[in-house]
Amino acid sequence: MNWKNTNRLARVLMIALAFLLVQKTSAQRKNIYPQISIQGSVGLLPTYLADGGKMNFIPLTIGGEILFKNKVSISSEYSHAIQRLSKTFQNNVIEWKNKSALTAIKVAVHYNKLEPFDIYGGLVIGANRVMVDTETLEKLSLAELLGVKEDRTTILYAAFVGGKYQLDKHLFLFGEAGFMNSLLKLGIGYNFKNTIHKKKITG
């Protein structure tokens, strides 16, 4: 037996095996690498409309999301809205503006086997700060009698469902329904690294 040739063959096999292991590890890391996206949306059905208020500035939301293994995501978002409310008290019409700022964290489970769609649902918890801007000091005193506080923060939590439609490798449209500052919102987002639709979308 030629030991020199055997050693060479063993070296070649070891190098080939090491190369395959590196490639496999790299592929595994690519599959589990979290996908990061940013998104913005508008609220179409603000919850303040149920109180008879009028929207001066519809809810606008910006946020970011991290998707792990294409299945579970954690996201945070911030939304801002301005509403005008009014009440009648002793023949006086009291008007004030509510400026609301909602900061929330969401956890969702995704089903993305229906390319290019991504269906998801989960839970959201947030802190909603409401700042009341009354018109005059006289109306402010009446507002206090009605129990309208100038500034307050409440904790909100709810379930939500949503869906995304991938336009290309990075851009996507999405819609969500849930009981927060708007019952329904639509928006657009951007994936920095797309791992969901990498097979079908090449643009």
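Tutor: Buried means under 20% relative accessible area. The structure here is a predicted model. In this model Y120 and F160 are both buried.

Student: What parts does the pair of Y120 and F160 tie together?

Tutor: Y120 belongs to strand β5 (residues 117–134) and F160 to strand β6 (residues 151–166), so the pair links parts that are 40 residues apart in sequence.

Student: What makes Y190 and F192 an edge-to-face pair?

Tutor: Their ring centres are 5.3 Å apart and their planes are at 80°, so this pair is edge-to-face as well. By the pairing rule the count comes to 4 aromatic pairs.

Student: How do you know that the charged end of K164 sits over the ring of Y120?

Tutor: The distance limit is 6 Å from the ring centre, and K164 is 5.8 Å from the centre of the Y120 ring. K106 lies over the face of F160, at 4.9 Å from the ring centre.

Student: Why is K185 called buried?

Tutor: Its relative accessibility is 10%, which is under 20%, so K185 counts as buried. K185 lies in strand β8 (residues 184–191).

Student: What joins the side chains of K185 and E77?

Tutor: A polar contact of 3.0 Å joins them. Residues that K185 touches include E77, K106 and F174.

How values were computed. Residues numbered from 1 in each chain as written. Predicted model: local features only at pLDDT ≥ 70, side-chain atom pairs only at ≥ 80, totals over all residues. Heavy atoms only, no water. Phe/Tyr/Trp six-rings, centres within 6.5 Å; stacked < 30°, edge-to-face > 60°. Helix = DSSP H or I, 4+ residues; strand = E, 2+ residues; numbered from the N terminus. Buried < 20%, exposed > 50% of the residue type's maximum accessible area, 1.4 Å probe, protein only. Lys NZ or Arg CZ within 6 Å of the ring centre and 35° of its normal. Polar contact = N/O pair within 3.5 Å; in protein donor to acceptor, adjacent residues only side chain to side chain. Contact = heavy atoms within 4.5 Å. Lists of a residue's contacts leave out its neighbours within four places in sequence.
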